[in-house]
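I set out to record what a single predicted model shows when its elements are looked up one by one. The sequence and coordinates were opened first.

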Amino acid sequence: MSTAAQKPRPATVADLLAIPEERRFHEIIDGELVQKAVPSFEHGDAQSAIVAHVKNPFQRRPGGRWPGGWWFATEIEVEFMPDQVYRPDVVGWRRERSPERPSGCPVQIRPDWVCEVLSPSNARSDTVRKMRVYQRCQLPHYWIVDPREETLTVHRWTSEGYLVALRAERGERIRAEPFDAIELQVGVLFGDEREDD
């Protein structure tokens with residue numbers, strides 16, 4: 001007599017937090033505990049370039065010389081649903097919706113913007129599985145940076161699904177929502193020297 005294989009129970013936040021902090025580079029995707037890829041130099045360089053582009057002009061109170069109005073973090077755990085806890089490469093919250101800086105582990109306030117930098121081993125999760133959850137959670141803005149293709153794709157949430165608001169490549173200078181107050185030299189994400197403005 002054969003017995004049906006028992007389906008493993010979905011991973012929980014408690015399972016995630018049980019991993020020692022120094023080894024916890026995991027996410028819960030569709031109820032499965034998944035270890036994130038070790039980032040390449042290209043991944044880390046693109047991630048730091050995104051942070052450099054948004055943090056100084058936007059992580060401040062609105063008004064004055066810079067646009068302001070945001071909070072940002074990198075590689076923190078954000079709970080989108082009980083079976084969906086991600087570590088976005090860069091994540092941001094509008095201060096008008098979250099006047100106090102988000103806190104905790106995992107953060108439980110839905111962000112207003114997420115940027116993922118693709119790695120060969122996680123591209124499908126970022127472009128399919130996570131994207132579906134971001135759509136369900138009505139995440140307003142989702143950026144995907146692809147170091148292999150040297151592209152930036154900007155998605156805007158609509159009730160019908162994500163709309164590709166912009167797709168740009170190395171060599172272009174663009175204004176990408178929701179940070180369109182500041183021009184972005186796309187090649188900087190892929191190792192180009194920043195040109196003087």
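The entries below follow the order in which I looked things up.

**Basis.** I worked from a predicted model, in which local features need pLDDT of at least 70 and side-chain atom pairs count only at pLDDT 80 or more, while totals for chains, interfaces and linings use all residues. I numbered residues from 1 along each chain as its sequence is written, and side-chain values use heavy atoms, with hydrogens and water left out.

**Terms.** I took helices (H or I, at least four residues) and strands (E, at least two) as DSSP runs, numbered from the N terminus. I counted two strands as paired if DSSP finds at least two bridges between them.

**The sheet.** I found an open sheet of 6 strands in the order E3-E6-E7-E8-E9-E10, with mixed pairing. Its edge strands are E3 (70-73) and E10 (163-169), each of which pairs on one side only. From one strand to the next the twist averages 15°; angles run from 0 to 180 degrees between N-to-C directions, and axes are lines fitted to C-alpha atoms, for helices over the stretch in contact.

**Pairing at the E3 end.** E3 and E6 run antiparallel and are joined by 4 bridges, and Phe72 has Gly92 in E6 as its bridge partner. E6 and E7 are also antiparallel, over 3 bridges; here Gly92 stands opposite Trp113 in E7. I recorded 4 of the 5 residues of E6 as buried, where buried means under 20% relative accessible area, exposed over 50% and partly exposed in between (1.4 Å probe, protein chains only).

**Pairing at the E10 end.** Strand E9 (residues 151-156) runs antiparallel to E10, with 6 bridges between them. Within this pair, Arg156 is opposite Leu163 in E10.

**A separate hairpin.** I found that E4 (residues 78-81) and E5 (residues 84-86) are antiparallel and joined by 3 bridges. They form a hairpin with 2 residues between them, and Val78 stands opposite Tyr86 in E5.

**Val54.** Apart from neighbours within four places in sequence, Val54 is in contact with Gln59, Phe72, Trp113 and Phe179. I also noted 9.0 Å between the C-alpha atoms of Val54 and Trp70, which are 16 residues apart along the chain.

**Gln135.** I placed Gln135 in helix H3 (residues 123-136). Its side chain reaches the backbone oxygen of Thr158 at 3.4 Å. I counted this as a polar contact, that is, a pair of N or O atoms within 3.5 Å; within protein, one must be able to donate a hydrogen and the other to accept it, and residues adjacent in sequence count only if both atoms are side-chain atoms. Not counting residues up to four places away in sequence, Gln135 touches Trp157, Thr158, Ser159, Glu160, Gly161 and Tyr162.

**Backbone entries.** I found a cis peptide bond between Cys105 and Pro106, with omega about 0°; Pro106 lies in the loop between E6 and E7. The bond from Glu177 to Pro178 is also cis, with omega near 5°, and Pro178 is in the loop between E11 (173-174) and E12 (184-185).

Gln138, in the loop between H3 and E8, is not a glycine but has a positive phi, near 60°. Its relative accessible area is 42%, so Gln138 is partly exposed. Glu150 lies in the loop between E8 and E9 and likewise has a positive phi, about 55°, although it is not a glycine. Glu150 counts as partly exposed because its relative accessibility is 25%.

Technical notes:
Contact means heavy atoms within 4.5 Å.
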